[in-house]
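Q: I'd like a close look at one part of this structure, with the pieces around that part described too. Could you walk me through the sheet and what packs on it?

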Amino acid sequence: MQVISKWRLFNFHLFSVVPQFTKLPQIPISQYPNPKKTHLYINASASRTFKSSSEASILAKKVLFMPPGVEPEDITEDMILPGSNIVVGPYAGDAKIKEVEFVKSSNKPKDCPKDERPEFAMLGRSNVGKSSLINSLVKKKDVALTSKKPGKTQLINHFLVNKSWYIVDLPGYGFANASEAARMDWSSFTKGYFLNRDTLVSVLLLIDASVPPQKIDLDCANWLGRNKIPITFVFTKCDKMKGGKAKRPDQNIRDFHELIRENYKHQPPWIMTSSVSGLGRDELLLHMSQLRNYWNNE
């Protein structure tokens with residue numbers, strides 16, 4: 001039986017996939033020389049004048065993630081986290097990580113901790129930089145095992161943060177060198193976790209911004225949406241600029257948004273990060289804090 005968490009119920013309208021193909025306004029991304037000053041601009045102009053407040057409200061609902069306690073008409077530019085579409089609301093705070101400890105590895109969802117603490121699941125294609133991002137968030141090098149061999153994480157790993165909430169490191173998907181049995185088992189193994197984990201606040205779906213949008217990432221995002229599972233797109237490797245005719249990370253992110261909008265009624269929250277430069281680290285933790293604090297207070 002599928003378990004629906006209170007956060008999932010609240011965000012049903014944000015994450016449901018609908019059979020529509022309406023194109024929403026483009027979200028250009030302007031990246032400045034200092035990556036920490038990346039800003040979001042709607043319709044390429046922060047100074048656009050709307051004909052009415054209702055027009056601005058409709059646009060905000062379509063392209064911005066508005067947390068509980070925020071109304072579209074109250075949003076100002078400084079409320080939007082840099083390099084994201086995430087609005088900071090009244091539940092944001094207590095974002096600092098003071099301590100982290102490994103709790104356990106589980107080979108079945110039913111074996112995961114049962115202490116009712118809220119948790120965030122890290123998911124992504126193998127070699128997306130998941131372990132590096134976890135280590136960056138907690139500011140420790142060896143919390144999550146970083147390996148040159150993609151697909152190293154094979155279990156559900158729980159890390160307790162500040163003795164109050166969990167970061168969950170899930171097995172990566174799409175690793176071609178894994179055995180066929182292991183690849184087939186990923187579906188039931190990880191999907192079972194998503195569908196039956198009522199303490200799951202949100203899935204942080206990591207997307208490699210240094211490469212063009214991948215079908216396997218889009219399929220994963222759409223599956224999560226169809227099952228009403230809260231999701232935040234975390235774009236990794238945003239510091240990487242490949243030579244030749246390869247697109248820049250901001251261009252790959254824009255292309256990903258265009259594709260994902262074909263199925264999502266509203267734009268899910270998203271943020272740009274880099275484990276190398278630290279881009280997006282503090283902003284992602286602040287976003288997680290407002291989701292977590294709302295979850296704890298409801």
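A: Here is a walk through the sheet, strand by strand, and then the helices around it. Keep in mind that this is a predicted model.

First, the setting. The protein chain has eight helices and nine strands. It runs to 298 residues, of which 51% count as buried. If you take the contacts with a separation of 6 or more, 73% of them come from residues 24 or more positions apart.

Now the sheet. Seven strands make up an open sheet in the order β3-β5-β6-β4-β7-β8-β9, and the pairing is mixed. At the edges sit β3 (100–106) and β9 (270–272), each pairing on one side only. From one strand to the next, the twist averages 25 degrees. As background, strands of a sheet pair through backbone hydrogen bonds, either parallel or antiparallel.

On one side, β5 (residues 156–161) and β6 (residues 165–169) run antiparallel and are joined by five bridges. With β4, in contrast, β6 pairs in the parallel sense, over four bridges. Here phenylalanine 120 has isoleucine 167 of β6 as its bridge partner.

How enclosed is β6? Five of its five residues are buried, so the strand is largely enclosed by the rest of the structure. Trp165, Ile167 and Asp169 point one way from β6, while Tyr166 and Val168 point the other way, and all are buried.

Serine 136, which lies in α4, is worth a look of its own. Its relative accessibility is 15%, so serine 136 counts as buried. Leaving aside residues up to four places away in sequence, serine 136 touches Ser275 and Arg281.

As for α8, 13 of its 17 residues are buried, so this helix is largely enclosed by the rest of the structure. Its length checks out too: at 1.5 Å a residue, the 17 residues of α8 should span 24 Å, and the end C-alpha atoms are 24 Å apart, which agrees.

The same sort of length check works for helix α6 (residues 215–226): its 12 residues should span 16 Å at 1.5 Å a residue, and its end C-alpha atoms are 16 Å apart, which agrees. The buried residues of α6 are Asp217, Leu218, Cys220, Ala221, Asn222, Trp223, Leu224 and Gly225. Just after α6, lysine 228 takes a positive phi of about 60 degrees.

Most residues other than glycine have a negative phi. Aspartate 94 is not a glycine, yet it has a positive phi of about 55 degrees. You'll find aspartate 94 in the loop between α3 (53–63) and β3, and at 55% relative accessibility it counts as exposed. Asparagine 127 is not a glycine either, and its positive phi is about 75 degrees. It is found in the loop between β4 and α4 and is exposed, with a relative accessible area of 53%.

Methods
Residues are numbered from 1 along each chain as its sequence is written. This is a predicted model: local features need pLDDT of at least 70, side-chain atom pairs count only at pLDDT 80 or more; totals for chains, interfaces and linings use all residues. Side-chain values use heavy atoms; hydrogens and water are left out. Helices (H or I, at least four residues) and strands (E, at least two) are DSSP runs, numbered from the N terminus. The expected span of a helix is 1.5 Å times one less than its number of residues. Buried means under 20% relative accessible area, exposed over 50%, partly exposed in between (1.4 Å probe, protein chains only). Two strands pair if DSSP finds at least two bridges between them. Axes are lines fitted to C-alpha atoms, for helices over the stretch in contact, and angles run from 0 to 180 degrees between N-to-C directions. Contact means heavy atoms within 4.5 Å.
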